[in-house]
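Q: Could you take me through this structure one feature at a time, giving the general idea before the particular case?

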Amino acid sequence: AKYKKSEKSMQEECVTVVEKLKKLGADNAIATGYSYLQRQIKFANSKTVRKSIEQRREIHLFASVGKKIAETRIDAEVSQYNLDATLEKFISLVKKLPDNSDFEEVANGKFTYPVINSFDEKIPTGDEQSVDIVTNVLDSCNDVKAGGMFETNECDVYLVSSNGPVAMHKSTSVYFSIRCLAEQNASGHKVGAGAFL
């Protein structure tokens, strides 16, 4: 089936989900929306073999009914066409769960969170920049065969709670893995990962 992209922003979708969960009987509800953009280059035998871009939107749900609690995750694009049925099923399952005696409640009120910068504008946002990085690395490998992956991610996160807290965060990450084979019994592998290039 073909799905049209939702016209709602991720934050609006999270607000809608929380409101619907409350109407269905949740005492507490939290929706955390994630919007990812991932770029990846795979290489083998010192040559690029695949470039891909993937965009994903998902919403993580938490709900409590009394001391019964549950979490799940839904695809934000697909769920737009059966959201009511999905949320009804989720709440009906929560109501069937045993009580969790450790659950105290979800925090109430508005909060001030420290600003943490985990967004790097230098992380490549286009294929050409990523290809240049991979090409420079492969050129420096001289006569050895190299294989691996270079991946960048951008992520927007929106959290909406029925008890008041609302938060937004934007982050980036980069992952680079390379294995080099100099000869049959001589190889090396290195991985680097972080929020900043």
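Q: How much space lies in the largest cavity?

A: A cavity is a set of points, on a 1 Å grid over the protein atoms alone, where a 1.4 Å probe fits but cannot get out; grid points are joined across faces, edges and corners, and a volume is the space filled by probe spheres set on the points. This is a predicted model, in which local features need pLDDT of at least 70 and side-chain atom pairs count only at pLDDT 80 or more, while totals for chains, interfaces and linings use all residues. Residues are numbered from 1 along each chain as its sequence is written, and side-chain values use heavy atoms, with hydrogens and water left out. Here the largest cavity holds about 40 Å³, and the structure has 1 cavity of 30 Å³ or more.

Q: Which residues line the largest cavity?

A: Lining residues have an atom within 4 Å of a point. In this case they are Arg-39, Gln-40, Ile-41, Lys-51, Ser-52, Asp-127, Ser-130, Phe-150 and Thr-152. Strand S1 gives the largest share, 3 residues, and S1, S2, helix H4 (127–139) and S4 each supply at least two; helices (H or I, at least four residues) and strands (E, at least two) are DSSP runs, numbered from the N terminus.

Q: Is strand S4 largely enclosed or open?

A: Buried means under 20% relative accessible area, exposed over 50%, and partly exposed in between, with a 1.4 Å probe and protein chains only. In S4 (residues 145–161), 12 of the 17 residues are buried, so the strand is largely enclosed by the rest of the structure.

Q: With which strands does S4 pair?

A: Two strands pair if DSSP finds at least two bridges between them. S4 pairs with S1 in the antiparallel sense over 14 bridges, with Thr-32 standing opposite Leu-159 of S4, and S4 also pairs with S5 (residues 166–183), again antiparallel, over 16 bridges. S4 and S5 form a hairpin with 4 residues between them, and Gly-164 in the turn has a positive phi of about 125 degrees.

Q: Which residues have the most contacts inside the largest nonpolar core?

A: A nonpolar core is a set of buried Ala, Val, Leu, Ile, Met, Phe, Trp, Tyr and Cys residues joined through side-chain atoms within 4.5 Å. The largest one has 21 residues, and those with the most contacts inside it are Val-17, Leu-21, Ala-31, Ile-59, Leu-61 and Phe-90. A second, separate core of 12 residues includes Cys-141, Ala-146, Val-174 and Ile-178.

Terms used
On a 1 Å grid over the protein atoms alone, a cavity is a set of points where a 1.4 Å probe fits but cannot get out, and a pocket is an open set with protein on both sides within 12 Å along at least five of seven lines; lining residues have an atom within 4 Å of a point.
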